[in-house]
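Good morning, and thank you for coming.

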Amino acid sequence: MPRRAARVLTLLELLQSGGTRTVAELADRLGVDGRTVRRYVDQLVDLDVPVESVRGRYGGYRLGRGYRVPPLMFGDEEALAVLLGLVAGRRAGLTTAQRTANETAAAKIRRVLPRHLAGRLDAVLESLSFTEGLGDFASPDAGVLLTLADAVRHRRPVSVRHTDREGRGGDRTLHPYGIVAHAGRWYVTGKDAGRDEDRTFRLDRITDARTLPGSFEVPEDVDPAARLVTGFATAAYRYEVTLRVRATPEHLRTHLPATVATLEEHEPGWQRVEIHAEHLDWLPPVLAALDRPFVIEGPPELRTLMRDFAARLTTYAARTPPTEDHPGG
């Protein structure tokens, strides 16, 4: 995992700066708990880094005397994993000082990379975008990611072998517009040339990617991250829910993110909300949490669920606390 690898490297840097570091201090600097710090220390020891445990009131961890980090030699996948971890870290709410350290670390790594590898990683960084759905991002297949990123950068079609959610595999010719990291997964958005339609594919379901001859034109003002989010909200599911809610878009987005619902102003003060869902039972508590007037346009099943939910709340609210004479309430 890129984030874990980055934290282990950060731990090593903290220890190399000298002195004894307490577990509490290291946990605070790394943003983890004490048990995780000890696990990271064990990983450094497994790599033959001489980390010493210091007992006592002011104890903690320190590096053995005279130890220095040797020159780092990264393979393609290792360099990609580290840089992706640093890039993802910039999106994780870091402080200004942490962001600066993050950027300088990335710059140092890129300076020592071979020219051919640095160019391929530049292609990844140029083609990559993030949505607001952050998470711990698993490393994608390096070969697939580098090939797709190069195709995005040079507008080259690619042949991908993709497996759908039902387990059916097949080859597709894709004109890739961009690579998006969303909620712990990696996606490529683009045009499926065989079907002449925009598609989004998960990278972990692509087992092979090969660049094809030729080139393609990217539509103007294309936003891969926005296309991904909109695609989630408008995907074909069993139910198509339409609502009118008297609320601001900002308030609605606190409960209905862009990956779940699309919004459109219906009249001053009211928003028309569309939701595509396979199940409806999760919607009543969400609508109640909005605490705003709303009108259900459809489907009728949602009205029934909402009435049942309101009846349950009314029943719960009518209950009285238990007494000695009536212990059951």
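Predicted model: local features only at pLDDT ≥ 70, side-chain atom pairs only at ≥ 80, totals over all residues.

Let me start with the whole protein. Eleven helices and twelve strands make up its secondary structure elements. Of its 329 residues, 37% count as buried. The accessible surface comes to about 19400 Å², and carbon and sulfur atoms account for 48% of that surface. Among contacts with a separation of 6 or more, 61% join residues 24 or more positions apart.

I now turn to helix α10, which spans residues 283–290. Which residues of α10 are buried? They are L283, P284, V286, L287 and L290. These residues lie on the same side of α10, because they cover an arc of only 165 degrees around the axis.

What do the buried residues of α10 pack against? Their partners are the strands β9 (239–245), β11 (270–277) and β12 (294–298), together with the helices α9 (249–253) and α11 (300–318).

The axes of α10 and α11 are 9 Å apart and meet at an angle of about 70 degrees. The two helices are therefore roughly perpendicular to each other. From α10, the contact involves L283, P284, P285, L287 and A288; from α11, it involves L302, L305, M306 and F309. The crossing of α10 past α11 is right-handed.

Finally, the residue that follows α10 is D291, and its phi is positive, near 55 degrees.

Methods. Residues numbered from 1 in each chain as written. Heavy atoms only, no water. Buried < 20%, exposed > 50% of the residue type's maximum accessible area, 1.4 Å probe, protein only. Helix = DSSP H or I, 4+ residues; strand = E, 2+ residues; numbered from the N terminus. Arc of directions from axis to C-beta. Contact = heavy atoms within 4.5 Å. Areas by Shrake-Rupley, 256 points an atom, 1.4 Å probe, with all protein chains shown as cover. Axes fitted to C-alpha atoms, helices over the stretch in contact; angles between N-to-C directions. Parallel < 35°, antiparallel > 145°, perpendicular 65-115°, else oblique. Left-handed = near helix turned anticlockwise from the far one by under 90°.
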